Amino acid sequence: MKIHLWLNDKEISDEISPDMPLLEYVRTKGCYSVKRGCETSNCGLCTVWMNKKPVLSCSVLAARADGKEIVTLEGVQERAAEFGTYLANQGGEQCGFCNPGFIMNVLAMEDELNNPTEEEIKAYLSGNLCRCSGYESQLRAIKNYLNRNRDIE
């Protein structure tokens, strides 16, 4: 089947198998930040944005991306690097395997929620699993990142 989409602002038309997961498709296009974790939609490692909303690419068919804008970590590198600094400063990066999906969700949350409470942050990121941290360092990094411009104003 034929699909036409925008992947990280690049227009693409392709012939795909109708049962190809979006995760597999974006990896064939060099987006290796999108990782295979659980394959059951439980870990968040495969998070990408579809029309600016986070989706789990392991459970979305590539065919659903037809006519849509798909963004991976490769498409938001500058923002990701900025948040990544906050994450590293708080010791929240640990092994880094979960970081790409986690960062995609943090950036989506920043775009979607205005001044979220700690409870809203936890709820928004509840689908992201990290086997290395106790989440407290990640939570501190998120709060510092979201409040970074308050000191300037």
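**Strand pairing and the helix across it**

A: In this predicted model, strand 1 and strand 5 (residues 69-71) run parallel and are joined by two bridges, where strands are DSSP runs of E with at least two residues, helices are runs of H or I with at least four, both are numbered from the N terminus, and two strands pair if DSSP finds at least two bridges between them. Within this pairing, Trp6 stands opposite Glu69 of strand 5. Residues are numbered from 1 along each chain as its sequence is written, and side-chain values use heavy atoms, leaving out hydrogens and water. Local features need pLDDT of at least 70 and side-chain atom pairs count only at pLDDT 80 or more, whereas totals for chains, interfaces and linings use all residues.

Strand 1 (residues 2-7) also runs antiparallel to strand 2 (residues 10-15), to which six bridges join it, and Leu7 has Lys10 as its bridge partner there. Two residues separate these strands in their hairpin, and Asn8 takes a positive phi near 50°. The covered face of strand 1 carries Ile3, Leu5 and Leu7, while Lys2, His4 and Trp6 make up the uncovered one. On the strand 5 side, strand 3 (residues 47-50) is joined by two bridges in an antiparallel pairing, in which Met50 has Ile70 as its partner.

Taken as a whole, the five strands form an open sheet with mixed pairing in the order 2-1-5-3-4. Strand 2 and strand 4 (53-56) are at its edges and have a single partner strand each, so one side of each is left without a neighbour in the sheet. On average, neighbouring strands are turned by 40° against each other, direction ignored.

Helix 3 lies across strand 3, strand 4 and strand 5, at about 35° to strand 3; axes are lines fitted to C-alpha atoms, for helices over the stretch in contact, and angles run from 0 to 180 degrees between N-to-C directions. The axis of helix 3 (residues 99-112) also comes within 12 Å of that of helix 5 (residues 136-146), the two crossing at roughly 35°. In this contact (heavy atoms within 4.5 Å), Phe102, Val106, Leu107, Met109 and Glu110 of helix 3 meet Gln138, Ile142, Tyr145 and Leu146 of helix 5. Seven of the contact residues are nonpolar, one is polar and one is charged, with Ala, Val, Leu, Ile, Met, Phe, Trp, Tyr, Cys and Pro counted as nonpolar, Asp, Glu, Lys and Arg as charged, and the others, Gly among them, as polar.

Definitions and conventions:
Buried means under 20% relative accessible area, exposed over 50%, partly exposed in between (1.4 Å probe, protein chains only).
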